[in-house]
Amino acid sequence: MAKSQEQQHPKKAFGWAARDSSGIVGVVTEVGSRVQKYKVGDKVGVGCLVGSCQSCDNCANNLENYCPRLILTYGAKDHDGTTTYGGYSDIMVADEHFVIRIPDNLPLESAAPLLCAGVTTYSPLRYYGLDKPGMHVGVVGLGGLGHVAVKFAKAMGVRVTAISTSPSKKEEAIKRLQADSFLVSREQDQMLAAMGTMDGIIDTVSAVHPILPLIRLLKTNGKLVVLGAPEKPHELPVFPLLMGRKMVGGSNIGGLKETQEMIDFAAKHNITAEVEVIPIDYVNTAMERLAKADVRYRFVIDVGNTLKPPAF
């Protein structure tokens, strides 16, 4: 960071190696004069947010992700009025409060998606109390969110059932992700047999889909947590909720304290995202493949080694 930048941003720092859709990781290259938490050479990352008001109740309770003046990492207005552009560069400047320390045993490329998908699934498991050993939790969808949800739940000692429309994902769910069982949501016999067996469900699917069959899988007092955002609103059947005192809730990423907790938990339990590392000139092709769901399960751009300096 240049001296003029240090004077302008005395609490900000650093430079990058890799990024996925919302997680950016790298190594600190310079620090401002008031930075206290990090030093040059530290492995760090930034997730979906780079700023908040730091004065509301949410911020005071480490819930910066729910701050009404939240500043997202991409396409938002920063405090000085400039637009945030995220990690599509070899250097990024960030407030140390919104920087996460990456443990040494986590590979940077596999840690990057955890700053988005990881905390998005870890947070509801913790908040809704679906993290108790012996509980039975369903995970709907085995994509970028779902595969890490299975990993976190298993590490918490939870019995996990992966739920998918695709029978072809059974082997991946059971053998690679270590789910305990697998349900094909389109198979009525399977869904009927599993009715009333789950303490909670983490629904990661963003496509339009019925939630009544999922509510039926819940035990009394069960919780369905919706993480995906379909184009059309869900139809919410009330009667099944009343009869079983069931709950439908939501969750969105996590605050900085919880994000650090998540990344430390991941390091302790050797949890990483399944990624495909790509050079930056492959981005357009990756977007085409992403539209076809042709990725397992996250693309990570190797910015540090493939971004070429501009020609002058």
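**Chain-level organisation and nonpolar cores of the predicted model**

Among contacts in the protein chain (heavy atoms within 4.5 Å) between residues at least 6 apart in sequence, 60% join residues at least 24 apart. The structure is a predicted model, in which local features need pLDDT of at least 70 and side-chain atom pairs count only at pLDDT 80 or more, while totals for chains, interfaces and linings use all residues. Residues are numbered from 1 along each chain as its sequence is written, and side-chain values use heavy atoms, with hydrogens and water left out.

The protein chain has 12 helices and 17 strands, taken as DSSP runs numbered from the N terminus (helices H or I, at least four residues; strands E, at least two). The radius of gyration is 20 Å, close to the 20 Å given by the globule rule for 312 residues, so the chain is as compact as a globular protein of that length; the radius is taken over C-alpha atoms, and the rule is 2.2 Å times the number of residues to the power 0.38. Along the principal axes, the C-alpha atoms fill a box of roughly 65 × 40 × 35 Å. Of the 312 residues, 51% are buried, that is, under 20% relative accessible area (1.4 Å probe, protein chains only).

The largest nonpolar core has 50 residues, of which Leu114, Leu125, Phe152 and Ile263 touch the most other members. A nonpolar core is a set of buried Ala, Val, Leu, Ile, Met, Phe, Trp, Tyr and Cys residues joined through side-chain atoms within 4.5 Å. Two or more residues each come from H3, H4, strand S10 (136-140), helix H5 (146-155), strand S11 (159-164), strand S12 (181-184) and helix H10 (256-268). H10 gives the most, with 6 residues. A second, separate core of 15 residues includes Leu183, Met191, Ala194 and Val226.

Leaving aside residues up to four places away in sequence, Leu114 touches Val119, Val148, Phe152, Met262, Ile263, Ala266, Ile271, Thr272 and Ala273. Pro113 lies in the loop between helix H3 (108-111) and helix H4 (117-127) and is buried, with a relative accessible area of 1%. The C-alpha atoms of Pro113 and Asp78, 35 residues apart along the chain, are separated by 23 Å.

In H5, 8 of the 10 residues are buried, so this helix is largely enclosed by the rest of the structure. H5 is followed by Gly157, which has a positive phi near 90°.
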